[in-house]
Amino acid sequence: MALEVCVKAAVGAPDKLGDCPFSQRVLLTLEEKSLPYKIHLINISDKPQWFLDISPQGKVPVLKIDGKWVSDSDVIVGILEDKYPEPSLKTPPRFASVGSQIFSTFVAFLKSKDSHDRTEHALLHELEALENHLKTHDGPFIAGERVTAVDLSLAPKLYHLEVALGHFKSWSVPGSLPHVHNYMKALFSLDSFEKTKTEEKYVISGWAPKVHP
Ligand SMILES: N[C@@H](CCC(=O)N[C@@H](CS)C(=O)NCC(=O)O)C(=O)O
């Protein structure tokens, strides 16, 4: 039975891929495992009833596998790894939480209106920890030569960080973090990333209502 996946449609352009990093993470996993799938773009400001029926919390991504709809990117990625173990995208447990606070600190800084709060500092702290990991381990990816699940989770988040902070705060990852820059370059040039990425203008239109509510 073919895999089907519901992902977010772009804000203001319901026929284009939207700005959900959890949706892109699932698409990246499907692509890296070379699994064919059918995509459904969900306009989350006007969710169709059939979608609400299969996703009781109304959230994307949702994947149909073996005739059943499954939500939550963590759960989906786990199921895909179990059912389609080759190529393995398993991250060694000791590396699984690398970068895990980057997204929440990025969102806090993006939404912050107070230049004296510690949100930028908190984000820099997380990026420095990533820099340190990359500097002290073989790359180009978190767990070495091959891309693994932790990279596929981080890639869309770092992309949103780059695009949204650049646009809304004229902020970019400091040049003092060269390993982070190289890591982002390696992620963004993956074929799977090119194929599944949201256009920059839709990353911006997706974040705009949260930055200027
Ligand atoms: N923990 C979930 C988060 C999914 C999530 O937050 N999805 C957002 C879009 S990025 C969503 O569907 N929001 C719609 C809503 O809350 O109405 C996952 O990893 O899949």
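Predicted model: local features only at pLDDT ≥ 70, side-chain atom pairs only at ≥ 80, totals over all residues.
**View 1. Asp66, a residue with positive phi in the loop between E4 and E5.** The loop between E4 and strand E5 (68-71) holds Asp66, whose phi is positive at about 55 degrees even though the residue is not a glycine. Asp66 counts as exposed because 9 C-beta neighbours lie inside 10 Å, and a residue is classed as exposed when that number is 12 or fewer.

**View 2. Ser34 in the loop between helix H1 and strand E3.** Ser34, which is likewise not a glycine, has a positive phi near 55 degrees, and its place is in the loop between helix H1 (21-32) and strand E3 (37-42). With 10 other C-beta atoms within 10 Å, Ser34 is exposed.

**View 3. The cis peptide bond between Glu86 and Pro87.** Glu86 and Pro87 are joined by a cis peptide bond with an omega of about -10 degrees, and Pro87 belongs to the loop between helix H3 (73-83) and helix H4 (102-111).

View 4. Across residues 10-88, the end C-alpha atoms lie 31 Å apart, and the span is 37% helix and 25% strand.

How values were computed: Residues numbered from 1 in each chain as written. Helix = DSSP H or I, 4+ residues; strand = E, 2+ residues; numbered from the N terminus. Buried ≥ 20, exposed ≤ 12 C-beta atoms within 10 Å, placed from the backbone.
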